[in-house]
Amino acid sequence: MITYYDDRSVQVTSTAVRVDGRSYPLAEITMVWHRRGSRSWRVLVGRGAIGAALAGPLIAAVLGIAVAVWLHRSPTVTIAIVGASVLVGLAVGPVADFLFEHLDRSYARGGRQLEMWARWRGQPVRLLRTGDALRFGQIYRAVQRAMEHSQPARPVTRR
């Protein structure tokens, strides 16, 4: 028996697909397809918040420099305000890697609910529903590979 995918709730082998304790033998599955749900506003708002966190210090730095020039104070005060603004702008540097990593993970997980369906014993059955696009893709590809390898080899006809 070959295992194509295995985690805490899904196992895809050369003989069956097991999801949350239910087993679907590959020999009884005739077709597999997927559906995408609507976008998750929670995910979109989270991505926007990360973008704002990245842009916030830079905007504050630009505004600080503009205020320093607009005030027409002594060169010492102007340099101090510009210096403080530049330091605020540079504050985004150490945090940017952390925020970009979260943004990247957000796109890897996806912003929609994904469903995997199969025709099992002639009836459509939802095998899996998840919002994690990366995990969904791994499981869906594992099911495809298992289905491809479980089909009997067709005889080759030559002309």
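Contact is taken to mean heavy atoms within 4.5 Å. The model is predicted, so that local features need pLDDT of at least 70 and side-chain atom pairs count only at pLDDT 80 or more, whereas totals for chains, interfaces and linings use all residues. Residues are numbered from 1 along each chain as its sequence is written, and side-chain values use heavy atoms, with hydrogens and water left out.

Ala118 lies in strand 6, where helices (H or I, at least four residues) and strands (E, at least two) are DSSP runs numbered from the N terminus. Its relative accessibility is 0%, and Ala118 therefore counts as buried (buried, under 20% relative accessible area; exposed, over 50%; partly exposed, in between; 1.4 Å probe, protein chains only). Leaving aside residues up to four places away in sequence, Ala118 touches Ile29, Met31, Val32, Trp33, Gln123, Pro124, Val125 and Leu127. Ala118 and Glu28, 90 residues apart in sequence, are 9.8 Å apart in space from C-alpha to C-alpha.

Two residues other than glycine have positive phi values: Asp20, near 50°, and Arg121, near 55°. Asp20 is in the loop between strand 3 (16-19) and strand 4 (22-25), and counts as exposed because its relative accessibility is 60%. Arg121 is in the loop between strand 6 and strand 7 (123-130); at 57% relative accessibility, Arg121 also counts as exposed.

Helix 3 has 18 residues and spans 25 Å from first to last C-alpha, close to the 26 Å expected at 1.5 Å a residue (the expected span being 1.5 Å times one less than the number of residues). Val92, Ala96, Leu99, Leu103 and Ser106 are the buried residues of helix 3, and they pack against helix 1 and helix 2 (75-90). Gly110, with a positive phi near 90°, follows helix 3.

The largest pocket holds about 240 Å³ of space. A pocket is an open set of points on a 1 Å grid over the protein atoms alone, where a 1.4 Å probe fits, with protein on both sides within 12 Å along at least five of seven lines; lining residues have an atom within 4 Å of a point. The volume is the space filled by probe spheres set on the points, which are joined across faces, edges and corners. Of the 14 lining residues, Arg42, Val43, Ser106, Arg109 and Gly110 are the closest to the pocket centre. Helix 1 (41-71), helix 3 (92-109) and strand 6 (112-120) each supply at least two lining residues, and the largest share, five residues, comes from helix 1.
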